[in-house]
Amino acid sequence: MAIRKVGVAGCGLMGSGIAQVAAASGFPTVVREVNAELLDKGLKSIDKNLNRLAEKGTITEAAKDEIRGRLKGTTKVEDLQDCDVIIEAIIEQLPAKRELFGALDALCPSSTIFASNTSSLTIMEIASATKRPQRFVGLHFFNPVPVMKLVEVVRTIATEPAVYEEVVAFGTKLGKTAVRAHDSTGFIVNRLLVPYLLDAIRALEEGVGSIEDIDKSMMLGCGHPMGPLTLCDFIGLDVLYSVCESLYEEFKRDEYAPPPLMKRMVVSGHLGRKAGRGFYTYDG
Ligand code: 3HC
């Protein structure tokens with residue numbers, strides 16, 4: 001069965017980006033948020049992105065209107081029931097994800113494919129809330145979703161091979177390079193990225209270099225688009241903290257243990273760019 005209509009649960013930073021990319025790739029797309037205020041905020045950020053692309057001439061005004069026309073926002077979970085694939089990008093908490101998928105499982109036909117954009121939870125733990133673990137995958141996108149070229153397509157021990165191949169093809173239709181990963185906590189990217197970011201924080205704690213010099217070193221010495229401490233701020237210290245806790249819980253390896261400075265930053269609200277302060281301070 002070909003994927004024709006896309007559902008996205010959650011219209012925050014990741015969900016709005018996924019919905020934008022799906023609509024821009026030609027798929028009629030329904031994006032659901034829990035209330036009108038959050039939905040409005042997410043749709044406004046999509047409009048802002050599309051307007052910027054049109055102003056730069058990357059897309060025409062007509063293309064912008066077509067993309068927007070393919071995108072429908074809703075607060076009703078029932079509006080996702082006729083989608084061929086539903087990609088979940090809600091709060092990174094297992095009980096909330098299991099509850100949502102349990103509800104969707106009861107609503108949707110047995111053919112619907114379910115996908116989670118979780119960055120740190122185990123796909124199988126979420127899939128086991130449904131009666132269709134064979135039609136359940138991980139689809140892990142990267143921030144900012146419209147810009148980053150990668151999607152990790154994650155199979156569990158239960159995912160049916162034909163479903164998996166269909167989702168890999170779908171990832172390509174979204175204009176992303178799809179890489180294949182097993183359902184191992186952190187998949188490929190976070191398994192490798194998180195120890196690097198935590199080591200940058202440890203280097204700062206140990207006085208190896210200043211915030212600016214650690215960042216400059218990796219940008220200019222290794223060609224990274226952002227230094228590691230800027231990237232921590234960009235991801236959000238709270239998000240990173242929960243990813244490294246999941247990795248540490250799974251593997252019990254020191255490289256995943258959260259550095260003390262990070263915990264103190266999280267509890268004091270120094271969460272990075274979204275909070276206006278993290279390793280750096282941000283205006284507006
Ligand atoms: N949404 C949409 N488009 C955006 C954007 C956003 N939030 N931010 C930047 N862009 C676009 C710009 O419009 C610009 O487009 P153009 O080339 O068509 O003009 C392009 O991206 C480049 O932007 P800028 O020139 O303003 O700035 P940079 O060249 O510094 O690029 C960046 C910004 C793409 C964010 C780049 O710094 C980068 O790649 N940083 C690393 C990001 C990264 O590592 N992300 C992954 C985080 S890990 C993750 O998400 C996994 C999770 O599980 C933790």
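Student: Which residue in strand 6 stands opposite Ala115?

Tutor: Ala115 stands opposite Val137 in strand 6, where strands (E, at least two residues) and helices (H or I, at least four) are DSSP runs numbered from the N terminus. This is a predicted model in which local features need pLDDT of at least 70 and side-chain atom pairs pLDDT 80 or more, while totals for chains, interfaces and linings use all residues. Residues are numbered from 1 along each chain as its sequence is written, and side-chain values use heavy atoms, leaving out hydrogens and water.

Student: Do strands 5 and 6 run parallel or antiparallel?

Tutor: Strand 5 (residues 113-116) runs parallel to strand 6, and three bridges join them; two strands pair if DSSP finds at least two bridges between them.

Student: And what about strand 7, how many bridges join it to strand 6?

Tutor: Three bridges link strand 6 with strand 7 (residues 150-155), and these two run antiparallel. Leu139 has Val153 in strand 7 as its bridge partner.

Student: Is strand 6 mostly covered or uncovered?

Tutor: Strand 6, residues 136-140, is mostly covered, since five of its five residues are buried, meaning under 20% relative accessible area with a 1.4 Å probe, protein chains only. Phe136, Gly138 and His140 lie on one side, with Val137 and Leu139 on the other.

Student: New topic: how many helices and strands are in the protein?

Tutor: The protein has 11 helices and eight strands, and 47% of its 284 residues are buried.

Conventions:
Buried means under 20% relative accessible area, exposed over 50%, partly exposed in between (1.4 Å probe, protein chains only).
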